[in-house]
Amino acid sequence: MEIVFLAFILILSIFLGFELINKVPATLHTPLMSGSNAISGITLIGALVSAGAGAAQMATILGTAAVTLATINVIGGYMVTDRMLGMFKKKERGDQKAEG
Amino acid sequence: MNSAVIINIAYILSAALFIYGLKELSSPATARRGNFISSVGMFIAVVVTLFNQGILEYQWIILGIAIGGLIGAAAARTVAMTAMPEMVALFNGFGGLASLLVGWVALYGAGTTTFTIITIILSVLIGGVTFTGSIIAWGKLSGKIDGKPILFSGQQIFNTLLMLGILVCGVLFALEPTNLTYLYVIIALSFVFGIMFVIPIGGGDMPVVISLLNSYSGLAACAAGFAINNLLLIVAGSLVGASGIILTKIMCKAMNRSLSNVLFSGFGSPKQIAGEVEGTVKPIVAEDAFYILEAASNVLVVPGYGMAVAQAQHVVKELQELLEKNGCEVVYGVHPVAGRMPGHMNVLLAEADVSYDVLMEMDSVNPRMENFDVAIVIGANDVVNPAAREDESSPLFGMPIINVDIARTVFVLKRSMAAGFAGVQNPLFFKENTRMLFGDAKESISQVIREFSG
């Protein structure tokens, strides 16, 4: 039953993703990629448990590496997306025409 | 209420914030807020996870977050906008490798059922392919590896054997999870597979590859979610997976090619160079270009990868302002696969402070093409090649293009007469209404700008 439940969540999320992303205009495709890439850094929360479980030494080393990589993904992804989106501005076209 | 329940409630909130954040990305006016909302969701998820009872020691976590945070922040602040494609590729790769490691560590957890083992294999496999594939893509995009497709005889057979090898090792490992050798072999083979997957793909097809790797990085997180039984990983991972698949589909459609054609054909290898085109090329100098532009009242700018290479976006914006002061209307026609990743041109033009409402998609500029006095093609080639419309024998035939040849006059800014990425000769350069402005795009536009002020 557990597997069925997880698969159920998976299918609904994929359809929700299709609906959401289809509405994103082509202009924003690059920020969409870097922003969704930051979301895929969610694997960080899995990595946190692996690094902190105090289990086998091997598990701790691998977990710490995973935390580092996922954090790069999360912090870098969100910051660079914010930087990009900060550049997307709309100018008042009326003003420009008035100048000319 | 125990902590597990609280953590799961917080995860629901995080998932909702991710979804709402993505929804806000559907308009440039709200996109920045959407990204912030999504980052709040991530922050909540990380903070509540730290209260997980399974976490006994924090020193390694703090170390990892500190190093990762510093690297991520430094990279995000310093990267040049022109280097964005390779940056995104690299981040995808890190995400993939992180998911691989999370899947691997799940093996050390208690009570690994066959189902868990299968999901571990999947997250290691997808994560590994994403990692090395992204590294190769990064190398190709940043010019550290030759961008040409690498093909050798027996490539398909090699890849088939590779897939079979992964499958066999996967089955063996599922039957005998204590034998870690199988896992190591799977990791090694998935790394090789990632490399094999990207090397046959040429530079101009990179938008498809980046989108696909973006999708994989999400799917890897999703598989890791199954491995450690974490719903938030499944939801967030599949949102990203779906997002990448849609972008991949849009990119393939914009090239009129199937995904398998992009992945396996090695498009753009030299053997495909088409025959000569009849007609003469008419070069033009900046001064004459200026006279034509001065008289124009409607100008279309079609940017391509060459604009990014020449870093010409700022002078383009300068020219736009001069033309607008002259009473001319300037819009940009952006082809979906112009550049090296989806939306590449838009980001560069946004950096140069071009208002996003003059950045038009192919379908909005094509119907009014005959009304443009001048269409300026800057470093674009295949996406404006009329052979895609007219010549059934052309490899580009059927690809939707920006029909600049229908505009009254076409300026093509180009370094030389070399063929485009597809290795196909462009009849546009030989048309009656086409004028070639040879030289570096940035330099050529600067010369025209000087004519305006002179």
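Tutor: First, a word on naming: helices here are DSSP runs of H or I with at least four residues, numbered from the N terminus. With that in hand, let's pick Phe173(B), which belongs to helix H6 (residues 155–175) of chain B. Keep in mind that this is a predicted model.

Is Phe173(B) buried or exposed? The cut-off for buried is 20 or more other C-beta atoms within 10 Å, and Phe173(B) counts as buried because it has 24 C-beta neighbours inside 10 Å. Setting aside neighbours within four places in sequence, Phe173(B) is in contact with Ile117(B), Ile121(B), Tyr182(B), Leu183(B) and Ile186(B). Take Ile117(B): it is 56 residues from Phe173(B) along the chain, yet their C-alpha atoms are separated by 8.0 Å.

Now zoom out to the largest nonpolar core, which has 187 residues; Val377(B) is among the members that touch the most others. Beyond four places in sequence, the residues Val377(B) touches include Val302(B), Val404(B) and Phe411(B).

Then there's the partner chain. The contact takes 99 residues from chain B and 79 residues from chain A. On the chain B side, helix H9 (residues 231–254) gives the most, with 15 residues, and by class that side has 61 nonpolar, 28 polar and ten charged residues.

As for confidence, chain B has a mean pLDDT of 90, with 95% of its residues at 70 or more. Over residues 268–273 of chain B, though, the pLDDT is below 50. For the complex, the predictor gives an ipTM of 0.91 and a pTM of 0.89.

Conventions:
Residues numbered from 1 in each chain as written. Chains lettered and ligands numbered in written order. Predicted model: local features only at pLDDT ≥ 70, side-chain atom pairs only at ≥ 80, totals over all residues. Core = buried A, V, L, I, M, F, W, Y, C linked by C-beta atoms within 7 Å. Buried ≥ 20, exposed ≤ 12 C-beta atoms within 10 Å, placed from the backbone. Contact = placed C-beta atoms within 7 Å. pLDDT = per-residue confidence, 0-100. Helix = DSSP H or I, 4+ residues; strand = E, 2+ residues; numbered from the N terminus. Nonpolar A, V, L, I, M, F, W, Y, C, P; charged D, E, K, R; others polar.
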